[in-house]
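Here are some exercises to work through with the model in view. Try each task yourself before you read its solution.

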2 protein chains.
Amino acid sequence: MRATYMYGAGDVRVVDAADPKIEQPTDALVRVVRACVCGSDLHPYHSMPPSAEGTPMGHEFVGVVEEVGAEVTSVRAGDFVIAPFAVSCGACEFCRAGLQTSCVRGGFWSDPGIGTAGGQAEAVRVPLADGTLVRVPVDEGADDALLASLLTLSDVYGTGWHAAVTGGVTEGSTVTVIGDGAVGLLAVLSARQLGAERIVLMGRHRARTDLGREFGATDVVAERGAEGIERVRDLTAGGSAIVLEAVGHMPAYEQAVGVVRPGGVISRVGVPQYEEAPVGFASLFGPNVTLTGGPAPVRAYIDRLLPAVLDGTVRPGRVFDRTVSLEETPKGYAAMDAREALKAMIRP
Amino acid sequence: MRATYMYGAGDVRVVDAADPKIEQPTDALVRVVRACVCGSDLHPYHSMPPSAEGTPMGHEFVGVVEEVGAEVTSVRAGDFVIAPFAVSCGACEFCRAGLQTSCVRGGFWSDPGIGTAGGQAEAVRVPLADGTLVRVPVDEGADDALLASLLTLSDVYGTGWHAAVTGGVTEGSTVTVIGDGAVGLLAVLSARQLGAERIVLMGRHRARTDLGREFGATDVVAERGAEGIERVRDLTAGGSAIVLEAVGHMPAYEQAVGVVRPGGVISRVGVPQYEEAPVGFASLFGPNVTLTGGPAPVRAYIDRLLPAVLDGTVRPGRVFDRTVSLEETPKGYAAMDAREALKAMIRP
């Protein structure tokens, strides 16, 4: 089959790869119907050291089950499924608690221990299929907009939702969202769904922030740095009680610390591109600010989010503004990297 | 009057100072009945640069009101009062929300803007007396043990309580407390009061951890570093859902990260002696660990904690194992620094 590998920063290629097949009785084989490029794929796109063997890419896809191992009971050949960005067993303490990203048997698609390739490919062997996949009552002939929205449930919508949930958004909340990428925009949508009254979106790409307004942002702040912080603090009368950080770079963290209100919460879902950050008296400790978030257990949220997607009440798939074929996947990366595309969908 | 000043690391002196007097109509003048040395006073004791003018010390005291300004209504001359370690107005948004340490008009005793000296003195001018002081129906002739326990409500008991509350301790919780100083031990007591079932205390001073057991610790881990982490992870079947960090040094933070369970909470109340710390994928983000805590708004907790202190159900004052006169205050610092004393009380 054809599959996408990254061989170093800026070096994405679609190559011939071994056809996946059932290896464990708990596996399922899924033919990919839609996949996409994630904002987090841009981090290695900027920094991956060169390698000859490459790394399989892609952790977001929906598809049709082609075959299942002998022990798989929840899906069968022909089922349309959403594959969350983490593999999870569904049975361990963490899966039962809704923290599938900490599953003791699972992991991320490209983890060596998971032993499967990425979703930017024609097909994927899905380990722990019962715990990982979610069957959805549609078929691959469903309309493009619906498929796009279902695809967001594999990562970006669930990730935006996780930000809002761990940030404690509730009826009447004031929320600031940092980042106008797909996750930031879907954090806006999620905050709105959870009842937030005031949603300030920090972002400076007009087309994106316009979509953010449609998703529920009440204010947009295009400024960054000290100026952006001052604007948000003005708009929120001294700081935002809840800040959702959907970028992952240090300046975004610093923005979050700058705009959060004493006693407030910073919820991070952008994958941190730093290990150390300010947390001492002058940043988090002094004003009793809580830092929370992490990789979203999107598997835990799909049941909650699916109905409004299926009935069209929400259309998170609007974050896709570019569609490429599998062979054109490198163009999808390049377009997102150049910010010509917000999020690129791949149609194998 | 006589008052305690620090002139640099290790250099604490009791000196003649101007008698405090009412300066604002919202002030009260309090004669100190008991004060004490805080674990956090040891941080400048180790690191303060030398200065000729010195810094007034002490932020924990109980005493008797001698005089009040014209606008003070909640206390009057003769009242016995507890002075929390932060000055607060009682009226602003943060005070009303129970976050008096972020009061927009208040501050800490030694903040230049607060304009008053510290509590390790014969008397203190208390700004914003109505919002700051808590009247208690006892008199200075009350027994020593009760006065000691009331004194803990000015800081260490409320701080341990804050750790437990912001950590989310509830009926049946498993909690690990890092640090066997007064705050750590009172975090144990607080966790027990809030219903924690399993309380692991990390500390290696036998007399202190014995008191920790009396306060409710079910296990004591004396080991530190990797060995201590492994012991706690064994005891808690893979990590503690709640970790209360009551030290403030980087190794304690690292212990907290090492023993916390995926999806768990680290609540810090030890004043951080670092500004940057690990918070990225490998520490907090990957396992969805929440970092919370900060300076305790002890003013918010006194009403809740006072009854059990007054009726003797709890005896947090047991953390004091040394009493000195005001003139001997430098000896109190030295004894705590040498770990010969857990916490030194000052009887002016």
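**Exercise 1. Find the residue with which A:Arg31 forms a salt bridge, and say why the pair ties together separate parts.**

Step 1. Take the rule: a salt bridge is a side-chain nitrogen of Lys or Arg within 4 Å of a carboxyl oxygen of Asp or Glu.

Step 2. Apply the rule to A:Arg31: its partner is A:Glu66, with the closest N and O atoms 3.1 Å apart.

Step 3. A:Arg31 lies in strand β3 (residues 28–36) of chain A and A:Glu66 in strand β5 (residues 61–68) of chain A, so the pair links parts that are 35 residues apart in sequence. Helices (H or I, at least four residues) and strands (E, at least two) are DSSP runs, numbered from the N terminus.

A word on the model: it is predicted, so local features need pLDDT of at least 70 and side-chain atom pairs count only at pLDDT 80 or more, while totals for chains, interfaces and linings use all residues. Residues are numbered from 1 along each chain as its sequence is written, chains are lettered from A and ligands numbered from 1 in the order in which they are written, and side-chain values use heavy atoms, with hydrogens and water left out.

**Exercise 2. Work out the strand order of the open three-stranded sheet in chain A.**

Step 1. Recall that two strands pair if DSSP finds at least two bridges between them.

Step 2. Follow the pairing: the order is β2-β1-β4 (chain A), and the pairing is antiparallel. The edges are β2 (11–16) and β4 (55–56) of chain A, each pairing on one side only.

Step 3. Look at one pair. Strand β1 (residues 2–8) of chain A joins β2(A) over six antiparallel bridges, and A:Arg2 stands opposite A:Asp16.

**Exercise 3. Describe how chain B meets chain A.**

Step 1. Count contacts (heavy atoms within 4.5 Å): 37 residues of chain B touch 37 residues of chain A.

Step 2. Take the buried area, the accessible area (1.4 Å probe) that two parts lose on being put together, summed over both. It is about 2,900 Å², with 56% from carbon and sulfur atoms. B:Glu275, B:Phe285 and B:Asn288 supply 24% of the area that chain B buries against chain A, more than any other three residues.

Step 3. Look for salt bridges: the rule finds two across this interface. In one salt bridge, the side chains of B:Glu93 and A:Arg261 meet at 2.7 Å, N to O.

Step 4. Look for strand pairing: strand β16 (residues 276–278) of chain A and β16(B) pair in the antiparallel sense over three bridges, with A:Pro278 opposite B:Glu276.
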